[in-house]
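Reader: Got a model open here and want a quick walk through it. Can we go piece by piece?

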Amino acid sequence: MTHPTYTQQALSHYSLTCTKKEYQLAKEFCQSMGVVIPELISLRRGQVIGIVTIVDCKFSQVASGWGMAGQYHWHLENPREIIPIPYIGRLGIFEVPDDLVMEVAA
């Protein structure tokens, strides 16, 4: 059985808050895959930092690639970094004004 394919543009937002424990878990996860991330103090927080194409999303009980066990695994393509734009976000997926999307996508 096949499932429908869709694509959607999404902005990448880095949260204003991040606990040391959350950062440490993410750092260890990235290091296990050979990826080094910047120190917590130097991360661009509370900003839209990029745009990406969402191709698919599936929930998985097992880890796979970048996806952690018991989480949604997003299939993303064409990530593009932008000049950071300060923006207060919310937990999870949230809507942003159309003019912000147009500014970033231009």
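Reader: Lys 58 first. Buried, exposed or partly exposed?
Author: Partly exposed, as its relative accessible area is 46%. Bear in mind that this is a predicted model.

Reader: Which residue does Lys 58 form a salt bridge with?
Author: Asp 56. The closest N and O atoms are 4.0 Å apart.

Reader: And Asp 56, buried or exposed?
Author: Buried. Its relative accessible area is 14%, and buried means under 20%.

Reader: What stands opposite Lys 58 in β3?
Author: His 73. Strand β2 covers residues 47-60, and its pairing with β3 is antiparallel, over eleven bridges.

Reader: Zoom out. What's the strand order in that sheet?
Author: β1-β2-β3. The sheet is open, has three strands and pairs in the antiparallel sense.

Reader: Which strands sit at the edges?
Author: β1, residues 8-14, and β3, residues 71-86. Each of them pairs on one side only.

Reader: How are neighbouring strands turned against each other?
Author: By 35° on average, with direction ignored.

Reader: Switching to Ile 82. Where is that one?
Author: In strand β3. Ile 82 counts as buried because its relative accessibility is 15%, and the cut-off for buried is under 20%.

Reader: What does Ile 82 touch, leaving out residues up to four places away in sequence?
Author: Arg 44, Val 48, Ile 49, Gly 50 and Val 104.

Reader: How far is the C-alpha of Ile 82 from that of Ile 51?
Author: 7.4 Å. Along the chain, Ile 82 and Ile 51 are 31 residues apart.

Reader: Back to charges. How many salt bridges are there?
Author: Two. One is the Lys 58 and Asp 56 pair. Lys 27 also forms a salt bridge, with Glu 39.

Reader: What's the N to O separation for Lys 27 and Glu 39?
Author: The closest N and O atoms are 3.5 Å apart.

Reader: Why does that pair tie separate parts together?
Author: Because Lys 27 lies in helix α1, residues 20-32, while Glu 39 is in the loop between α1 and β2. The parts joined are twelve residues apart in sequence.

Reader: Lys 27, buried or exposed?
Author: Buried, at 18% relative accessibility.

Reader: And what does Glu 39 count as?
Author: Partly exposed, at 46% relative accessibility. So the Lys 27 end of the pair counts as buried, and the Glu 39 end as partly exposed.

Technical notes:
Residues numbered from 1 in each chain as written. Predicted model: local features only at pLDDT ≥ 70, side-chain atom pairs only at ≥ 80, totals over all residues. Heavy atoms only, no water. Pairing = 2+ DSSP bridges. Helix = DSSP H or I, 4+ residues; strand = E, 2+ residues; numbered from the N terminus. Axes fitted to C-alpha atoms, helices over the stretch in contact; angles between N-to-C directions. Buried < 20%, exposed > 50% of the residue type's maximum accessible area, 1.4 Å probe, protein only. Contact = heavy atoms within 4.5 Å. Salt bridge = Lys/Arg side-chain N within 4 Å of Asp/Glu carboxyl O.
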